[in-house]
Amino acid sequence: MTLSLSNEVVEGLKGLGVEIGIELSKKLIANAVKLALYSDANIPSNPEIYATNPAFAKQSEYAVVTVLFLATKYGYDSQKLRNLLEQHGLVAAVLEEIVKVYDTNKKDLLINNLKIGHSLPHITDAEWRLTCDVKSSASDKGSGDLTYRISLGRYREKTGERESTVEFVCNPEELQSFIGRLKEIERHCEKISAPK
Amino acid sequence: MDEVDNIIIHSLRQIGCNIEPDILSLSSFTPELLVETVSMCLHLIKPSMNVPKKLPPGMAQRFTVTASLAEACTSIGFRGDIGYQTFLYSNVTEVRRVFMFLIERLPKESEKMVLAQPLDKLTLLENELQQNIRIQLSSPWIPQYCMKSGIRKYNSSYPILSGECTPFQPCINLNIPNSLRKSNIPDKQQDYWHKRSPSVFQQTNSQTILSSIIHKNDVASNSSDFNLDPEELMKSIITKNLGAKRPSSAVDSSKKLNEINHVDTSSSSSSSSIADKTKSIQQQSSSGQLDGNTQEVLNSEIGKLKSAMDELLTSRKKILADITSIKEARTKQEEANKELRNERKIRERTCILLENPEENVKKMDMVLAATKERMNKLMEQWKSHKDPLVKTLEKSKSKNSSSFEKNRVIQNEIKVVRDKISEIVDDLKHKNNLHAQLTTELQKVDNKISRNAYTTRILEIVGNIRKQKNDIDKVLRDTRELQKEINNINGQLDRQFTVTDDLLYKTARRDEHSKKIYKLLATLHSDCSDLVTLVQETGAVLREMRDVEDQIENEKSRNIAKNLEKITSDLKEMEKDSKNLQDKIRQIENEITQG
């Protein structure tokens with residue numbers, strides 16, 4: 001699969017430096033990247049960008065963000081991105097600006113791209129409690145067996161509160177075998193990482 | 001200790017030290033050889049370290065070189081006593097300790113082999129995975145809430161996510177102005193885009209912007225339907241890509257289809273009537289207006305028509321074949337006609353000429369002369385045009401020739417260099433292969449010989465040590481038992497003595513004999529205790545003697561006499577050197593004062 005840009009994007013990029021001035025184009029590019037990467041932060045609005053040709057400014061904002069996100073998606077380095085933009089015949093100063101912005105924000109763009117997708121929850125925390133049956137609804141005497149009540153979970157990013165992913169109960173023997181299994185994973189990890 | 005020396009010398013030979021075959025133990029190592037081998041080991045352990053490789057002849061330089069080697073050894077972690085004396089006035093046990101430490105620290109063979117392996121994509125990926133896991137295992141643990149949005153950057157630029165993933169849920173109705181295509185767009189929409197339409201960032205949030213943008217671009221560049229579901233869009237993209245992957249077969253099949261259609265259209269005129277009929281019949285039958293009998297009749301009619309159609313198709317094929325053969329015959333005939341016409345023209349002209357030969361000859365001469373004149377004129381004209389052009393051409397050629405030559409020379413050089421490069425690359429590959437082969441062979445050979453022998457030897461030594469340990473344990477147990485017995489007897493003796501002492505003391509007041517007995521008992525007791533202390537002292541003295549003997553042996557093994565001789569000779573040399581230097585200084589001073 002190769003990177004293909006839609007006509008809207010290509011037109012939005014080509015117009016930079018033509019439909020609006022080069023300085024304004026540079027401002028637009030910088031603003032678009034900021035808004036795309038840190039949209040939750042309070043970024044002051046920049047009415048100057050939309051003053052001369054608002055419709056085109058909106059289109060090229062979309063175009064710039066698209067090019068940057070797609071280049072990150074396809075793992076382009078700056079040289080490859082430059083080739084792509086040169087193929088579409090962008091204004092040289094605009095091209096340089098886009099490549100520069102891509103280079104400086106590459107890591108954040110990559111992180112942003114990595115955060116999109118479907119995945120099982122990561123478990124980063126384990127809580128446990130020792131419990132013992134004293135009396136149940138079925139019999140007046142408890143079995144007296146010890147059980148471990150274990151909850152594996154993680155902390156929510158924004159609120160910081162704990163979220164339990166899985167809760168289970170096991171007796172000491174089952175716990176031993178569970179720990180054995182986990183140790184197996186650890187050994188395997190070490191085996192893989194050891195040089196052959 | 002011979003085994004240890006053998007192992008040390010063997011491994012020193014393996015790393016490429018030049019040790020002569022008649023050297024069998026560390027005691028026969030000369031200071032020069034010592035310095036060479038130690039510096040080789042140090043170089044292998046830490047290639048960045050700058051250590052002297054040979055022992056110089058001058059005494060003072062020798063001292064500085066050996067001192068720097070000793071310092072290098074301590075810098076890589078050697079904890080024993082080491083200094084210039086270890087190298088210059090060597091003692092076998094010290095040297096052995098140094099070599100054992102250095103050989104343990106030598107880089108392992110496996111580490112070297114990893115570098116020699118050829119690198120393809122899979123191994124590169126595996127190596128990368130290995131390295132990442134190693135980095136992750138070796139780095140300290142950080143609680144999740146200490147990582148910003150679950151991301152952790154390790155020392156390579158590889159972030160590892162343990163945070164939440166936002167699902168890929170694009171806003172499929174992203175409205176982006178398409179302002180540059182003004183002709184197709186109504187004014188109202190343009191007005192909306194200019195004044196009211198929200199920007200991309202207003203239509204999305206941080207969670208959806210990326211997925212929305214990727215989705216929008218894929219939709220716009222792959223299909224015209226903007227409101228497709230992501231799943232359907234994926235399907236359409238996949239089918240498109242699959243189709244694009246086998247274009248040759250698709251083109252072939254479409255060509256064939258076209259050909260078939262072409263043939264059909266030519267035959268359709270004849271069969272169209274039949275088709276119409278069948279259609280009408282089918283329509284009628286489908287409407288269900290006809291009963292069974294008429295259906296049978298119609299079926300038989302269809303059969304007949306089909307057979308008639310088949311016949312017509314076969315006759316058409318025959319006719320087409322005839323047409324092609326006739327066309328071929330016609331083209332042949334036309335070619336023959338052309339040839340015949342040309343012949344006829346030539347013959348007609350010759351006939352005209354032959355009618356009035358003399359006149360015609362004259363005319364021909366005239367024509368010839370005229371053409372010659374014209375020819376000359378044209379030649380002159382050609383020359384007048386040609387000369388200046390030729391001159392300019394020569395000029396430009398002379399201009400270009402120098403640069404052309406330069407270019408040619410450079411091109412030739414480039415060719416030569418490229419050939420050389422390819423040759424060198426081939427040579428390198430060949431040599432690399434050879435190197436890998438040889439190293440594997442070497443490993444096999446070395447492992448077979450040395451390891452087996454050494455492991456058996458080590459096992460024997462371990463067995464011996466175990467036996468000795470058992471013996472020592474036995475002796476210790478015996479001594480402990482003896483000690484216990486002695487203690488018991490001492491206790492008994494003391495008790496016995498006190499009892500008898502009491503008894504005799506009581507009776508001694510009354511009886512003279514018992515007084516004597518009491519005195520004798522006291523002297524006996526003191527004498528015995530003296531004897532015991534004497535025995536203990538002799539034991540201590542014996543132990544001391546043994547210690548001293550050991551010390552003497554140790555000192556003997558250090559061959560102090562030889563070393564002293566060496567040191568005194570070195571000292572004399574140093575004194576000589578310093579005297580010479582002082583003389584020189586004096587001479588120079590005299591020269592200066594005289595001058």
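A: Two strands count as paired if DSSP finds at least two bridges between them. On that basis, this predicted model contains an open sheet of three strands in chain A, ordered E1-E2-E3, with antiparallel pairing. Strand E1 (125–132) and strand E3 (162–170) of chain A form the edges, each pairing on one side only. On average, neighbouring strands of the sheet are turned by 20° against each other, direction ignored.

The pairing can be followed in detail between two of the strands. Strand E2 of chain A, residues 146–155, runs antiparallel to E3(A), and eight bridges join the two. Within E3(A), Val166(A) is the bridge partner of Leu152(A).

Chain A also includes helix H3, residues 54–73. A residue is taken as buried if 20 or more other C-beta atoms lie within 10 Å of its own. Because 18 of the 20 residues of H3(A) are buried, the helix is largely enclosed by the rest of the structure. Just after H3(A), Gly75(A) adopts a positive phi of about 65°.

For chain B, the unreviewed UniProt entry places the feature "coiled-coil region" at residues 323–381, 428–492 and 557–591. In the model, residues 557–591 of chain B are 94% helix and 0% strand, and the end C-alpha atoms of this span lie 53 Å apart.

Key
Residues numbered from 1 in each chain as written. Chains lettered and ligands numbered in written order. Predicted model: local features only at pLDDT ≥ 70, side-chain atom pairs only at ≥ 80, totals over all residues. Helix = DSSP H or I, 4+ residues; strand = E, 2+ residues; numbered from the N terminus. Axes fitted to C-alpha atoms, helices over the stretch in contact; angles between N-to-C directions. Buried ≥ 20, exposed ≤ 12 C-beta atoms within 10 Å, placed from the backbone. UniProt positions renumbered as here; feature names shortened; annotations may be inferred.
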